[in-house]
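Biologist: Could you bring the model up, so that we can go through the side-chain pairs and the packing together?

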Amino acid sequence: MTSSARIPRPWLMLAVGVFAQASATVVVTAPAFFIPFLHTRRGFSLIEAGTLAAAPNLGLVLTLVLWGWIVDRRGERWVLTLGMAATALITGAAVLVAGTPTPSFAALFLLFLLAGAATASANSASGRVVVGWFPRERRGLAMGIRQTCQPLGVAAAALAVPALIAGGSLAPALVLCAALVALSALLCWAVIVDPPRPPRPAPQGAPAANPYRSSGVLWRIHAASALLVVPQFTLTTFGLVWLMADQGWGALAAGVLVAVAQFLGALGRIGVGVLSDRVGSRLRPLRWVAVAGILALIVMAAAGAAHWPWAVALSYVLASCIAVADNGLAFTSVAELAGPHWSGRALGAQNTGQFLAAAFVGPVIGALIAAVGYQWAFFLIALAPAAALPVVPRPAVEREPADSPA
């Protein structure tokens, strides 16, 4: 049965898209949880183990725009199925390498890099399914639900991977990864229906107008998102060590607080998506998130300086929730403003800019903390959302492109 002959079920497709993206996140995240095992039980240096952990993200960043281009050309169902199936095959090959007594660093790096590159297919394609099948007044909610896939995937990897490799091999964890993405491929092929696309402008077959040439709006959203991702990755990267090393928290209490912040942040993405539906704008709430982020980081810095545990806990959770609230808003806005013939590439560019900015957070913010301490670093990081605020386009630019299907 062809994709066009099947009945589209938007909410079911959303659920399958979330599962596919969460499964891809497990694949990308799992190698980070391999680091202690590889270092202590397989003789890899910390540099080697850390490089393997970074390999999937590198592959992801290098291919996001390419997958977006393929989505624009071939459709969402084909891309999701192919990408998840390729990830399953590559991860299956990694099972064979990891099961040897002395797994090859070069082989694991190449396979993790390719697996990350294949998972990038889900980023643009699952977002396009939401924008293509949900009407504008429900897209914020739908995209907010879709954006929960990252924390869900990270949480699943954190719970499953350490237990699976405790027996002395990476293979069981990689088998889980392969099984998840293989199931995702089957579900995507069975459930996803490509959203309708209007015909390209005359003359017949002519390429759709490039939205990056006609306006600077998309560039501004990409730039603002790159700035707004700095607090998000700062809090996820350094939050645990700040609580333990600077605030004197125990590992269990700090870990629970970070997990609670991640869970509430996922719910917050849904809430801010609903808010954007209610106000009929993505960019107006995005500006509110930037202002709230400035205030939350300043409050958290002050609470940390005072060493008040409850104030520290509340301000950290609040700042973490606000720091992730912009993702769905910007993602949806980019897809809507780019139009159906360019949204795949635009969403790929959106994610690429965010991942590149996030790559600098570890070394740059780490050096900043070493130079001025945690509290002053958090205070200075508030400059990132402050800089993003004037870059966010005004809501007046929001309108459905003339060739939009919705």
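Biologist: Glu336 and Arg282, are they buried or exposed?

Modeller: Both Glu336 and Arg282 are buried, where buried means under 20% relative accessible area, exposed means over 50%, and partly exposed is in between, with a 1.4 Å probe and protein chains only. Please keep in mind that this is a predicted model, in which local features need pLDDT of at least 70 and side-chain atom pairs count only at pLDDT 80 or more, while totals for chains, interfaces and linings use all residues. Residues are numbered from 1 along each chain as its sequence is written, and side-chain values use heavy atoms, with hydrogens and water left out.

Biologist: What do Glu336 and Arg282 form with each other?

Modeller: They form a salt bridge, with 3.0 Å between the closest N and O atoms; the term stands for a side-chain nitrogen of Lys or Arg within 4 Å of a carboxyl oxygen of Asp or Glu. Glu336 belongs to helix 14 (residues 326-338) and Arg282 to the loop between helix 11 (251-279) and helix 12, so the pair ties together parts 54 residues apart in sequence. Helices here are DSSP runs of H or I with at least four residues, numbered from the N terminus.

Biologist: Which residues are joined with them into one network?

Modeller: Through salt bridges that share partners, Arg139, Asp277, Arg282 and Glu336 are joined into one network.

Biologist: And how many salt bridges does the structure hold?

Modeller: It holds five. One of them links the side chains of Arg345 and Asp72 at 2.7 Å, N to O. Because Arg345 sits in helix 15 (residues 343-372) and Asp72 in helix 3 (residues 46-74), this pair ties together parts that are 273 residues apart in sequence, and both of its residues are buried. Another salt bridge pairs Arg128 with Glu76, whose closest N and O atoms are 3.0 Å apart. Arg128 is in helix 5 (residues 105-133) and Glu76 in helix 4 (residues 76-98), so parts 52 residues apart in sequence are tied together; Arg128 and Glu76 are both buried as well.

Biologist: Changing topic, at what angle do helix 12 and helix 16 pack?

Modeller: Helix 12 (residues 283-306) and helix 16 (residues 374-381) pack at about 170°, with their axes 8 Å apart, the axes being lines fitted to C-alpha atoms over the stretch in contact, and angles running from 0 to 180 degrees between N-to-C directions. The two helices are therefore roughly antiparallel to each other, a label used for angles over 145 degrees.

Biologist: Which residues make that contact?

Modeller: Helix 12 contributes Leu297, Ile298, Met300, Ala301, Gly304 and Ala305, and helix 16 contributes Gln375, Phe378, Phe379 and Ile381, with contact meaning heavy atoms within 4.5 Å.

Biologist: Last one, how exposed is Pro162?

Modeller: Pro162, which is found in helix 7 (residues 149-165), is partly exposed, with a relative accessible area of 38%.

Notes: Angles under 35 degrees count as roughly parallel, over 145 as roughly antiparallel, 65 to 115 as roughly perpendicular and the rest as oblique.
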